[in-house]
Amino acid sequence: METLQFLANGFAVALQWHNLVFAFVGVLIGTAVGVLPGIGPMSGVALLIPVTASLTSGLDPESAAASSIILLAGVYYGAMYGGSTTSILLNTPGESSSVVTTLDGYQMAKQGRAGAALSIAAIGSFAAGLVALIGLVALAEPLSDIALSFGPAEYFSLMILGLCAVSGLAGKSMTKALIMTVVGLLLATIGMDVVSGVARFTYNQPILYSGIEFLTIAVGLFALGEVFKTILEKDAEGGEIAKVGRVLPTKQDLKDSSAPIVRGSLLGFFIGILPGAGATLASFFSYIAEKKLSKNPGKFGKGAIEGVAAPEAANNAASGGAMIPLLTLGIPGSGTTAILMGALIMYNIQPGPLFFTDHPNVAWGLIASMFIGNLMLLVLNMPLVKVFAKIIETPAKYLLPIIIAISIFGVYAVQFTTFDLYLLLGCGVFGYLLTKHDYPVAPLVLGLVLGPMIENNLRRALTISNGDYMIFLTSPLSLVFLIIATLWMLIPFLLKLRGKSVVINEEG
């Protein structure tokens with residue numbers, strides 16, 4: 001009953017007129033961000049952090065944090081839906097989690113059923129949002145209570161697990177992902193050491209004493225990095241866009257897709273809870289599961305509506321599931337949730353076990369807003385499918401200057417230093433070079449966000465044990481986290497080696 005009371009208080013926060021506006025703007029921009037190929041939720045959320053900081057400057061810190069995170073979360077799950085539009089109409093995924101939707105979504109569009117595919121994607125996203133909301137409400141408090149028993153050693157090991165999980169599943173090369181993680185951790189050490197007061201890697205530059213600002217790095221790497229990629233590689237899509245006919249699905253479409261939506265929502269939610277797994281893995285798993293369960297697996301890849309319904313539900317449910325480790329444990333499970341965590345820290349709000357106790361209005365307001373936002377997405381997207389389809393045709397010559405302007409003015413409005421503008425441009429070039437050579441950027445951001453917390457908990461644990469590193473192995477929970485982290489890194493590596501040996505034996 002106490003949980004329901006907290007949720008009711010959350011709805012009271014989420015239903016305030018300015019928070020309704022923020023939720024609406026968030027899902028609207030998120031859908032547009034998802035529709036535009038190449039931008040994706042990470043870039044969209046990073047780009048809007050300085051904007052939300054400016055919009056909420058007149059509110060008290062707690063209300064400003066609640067409004068900002070409501071808008072940014074709206075962008076996150078709005079973009080997860082929006083990616084389906086380009087997948088279905090253009091055979092081009094708006095972001096990685098929509099890759100699977102292209103397999104059957106584009107085939108449906110070529111058969112003149114684009115409207116049905118888009119509307120089922122919207123319905124699946126809404127159902128997945130409901131599942132994620134119920135899961136959040138059910139698991140948030142119990143997990144927070146468990147996490148309150150964690151000491152510094154357990155926290156250190158849990159954060160190492162979070163880093164290994166994201167690094168182990170990010171990009172094509174684990175080595176490159178690990179390099180990026182270490183770079184993020186190194187960047188996190190720049191500034192004044194809070195314990196000894198010694199300046200680290202500042203090179204006697206006072207501007208660096210407070211460290212490198214997360215916001216500048218995130219906007220530079222994601223938003224400007226994509227801009228440079230589009231300009232330098234002339235990365236404009238010129239595919240033929242399928243026409244949207246009848247929007248409402250038939251009774252048979254609803255019957256065929258209802259069970260896949262339920263299965264995809266449940267599977268996606270539980271995969272989303274796992275740090276590092278994310279929406280892409282959830283959508284692939286749900287598609288494979290539907291194909292295995294189908295009485296007629298041959299229809300998949302030829303325009304099966306189940307092939308759209310299941311992965312779209314899964315990737316939206318995964319985005320809700322990823323909120324659980326972020327809010328209850330303070331461990332971002334993906335690059336986008338790492339950016340959301342950085343946004344909360346900007347408002348001096350630390351996600352974790354005490355988040356629901358210390359900042360109940362922010363925590364429960366966010367959860368309630370996710371229900372309202374998903375309802376807005378459904379109402380918004382069903383009648384406006386054809387309008388969002390037109391966004392795909394936005395020429396890069398109009399889009400890129402807007403992104404550059406928002407990036408520069410947004411960062412300067414928050415930081416007020418020209419140094420951050422130079423750093424922003426440098427990070428943009430760096431982000432472009434990284435993506436060009438297949439170095440994943442998400443582990444770098446995760447390392448930058450988690451770095452200070454890993455260092456603080458390491459020091460606290462060693463202070464308690466008088467410098468004995470065995471504290472991390474003698475604590476049962478800490479040992480379990482470290483073993484899981486080790487397995488998370490080793491198993492993909494061993495599977496890769498096994499695959500190579502099988503290929504060599506077959507060739508021999």
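Reader: Where does Y203 lie?
Author: Y203 lies in the loop between β2 (199-200) and α9. Helices here are DSSP runs of H or I with at least four residues, strands are runs of E with at least two, and both are numbered from the N terminus. The model is a predicted one, where local features need pLDDT of at least 70 and side-chain atom pairs count only at pLDDT 80 or more, while totals for chains, interfaces and linings use all residues. Residues are numbered from 1 along each chain as its sequence is written, and side-chain values use heavy atoms, with hydrogens and water left out.

Reader: Thanks! And what about the phi of Y203?
Author: Y203 is not a glycine, yet its phi is positive, at about 50°. For context, most residues other than glycine have a negative phi.

Reader: Is Y203 buried or exposed?
Author: Exposed: Y203 has 65% relative accessibility. The cut-offs on relative accessible area are under 20% for buried, over 50% for exposed and in between for partly exposed, using a 1.4 Å probe and protein chains only.

Reader: What can you tell me about N466 and its phi?
Author: N466 also has a positive phi, about 55°, without being a glycine. N466 sits in the loop between α20 (442-464) and α21 (471-474), and its relative accessible area of 75% makes it exposed.

Reader: Let's zoom out. How many helices and strands are there in the protein?
Author: There are 22 helices and 2 strands. Of the 508 residues, 55% are buried.

Reader: And what share of the contacts join residues at least 24 apart?
Author: That share is 80%, counted among contacts between residues at least 6 apart in sequence. A contact means heavy atoms within 4.5 Å.

Reader: Now α9, please. How does it pack with α19?
Author: Helix α9 (residues 214-233) packs with helix α19 (residues 418-436) at an angle of about 60°, and their axes are 6 Å apart. An axis is a line fitted to C-alpha atoms, for helices over the stretch in contact, and angles between N-to-C directions run from 0 to 180 degrees. The pair α9 and α19 is therefore oblique; under 35 degrees would be roughly parallel, over 145 roughly antiparallel, 65 to 115 roughly perpendicular, and the rest is oblique.

Reader: Which residues make the contact of α9 with α19?
Author: Among them are I217, L221, L224 and F228 of α9, and L424, C427, F430 and L434 of α19. By class, the contact of α9 with α19 has 14 nonpolar, 5 polar and 4 charged residues. Nonpolar covers Ala, Val, Leu, Ile, Met, Phe, Trp, Tyr, Cys and Pro, charged covers Asp, Glu, Lys and Arg, and the others, Gly among them, are polar.

Reader: How many disulfides does the count come to?
Author: The count is 0 disulfides, taking a disulfide as a pair of cysteine sulfur atoms within 2.5 Å.

Reader: Back to α9. How does it sit against α14?
Author: Helix α9 and helix α14 (residues 335-346) pack at an angle of about 150°, with axes 10 Å apart. The two helices are therefore roughly antiparallel, and α9 passes α14 in a left-handed crossing. On the α9 side, F214, L215 and F222 meet A338, I339, G342, A343 and M346 in α14. That contact divides into 7 nonpolar, 1 polar and no charged residues.

Reader: Last one: how do α6 and α10 cross?
Author: The axes of α6 and helix α10 (residues 251-273) come within 9 Å and cross at roughly 40°, which makes α6 oblique to α10. The crossing of α6 and α10 is right-handed. Residues including I120, A127 and V131 in α6 meet a set in α10 that includes L254, I261 and F269. By class, the α6 and α10 contact has 14 nonpolar, 4 polar and 1 charged residues.

Notes. A crossing is left-handed if the near helix is turned anticlockwise from the far one by less than a right angle, and right-handed if clockwise.
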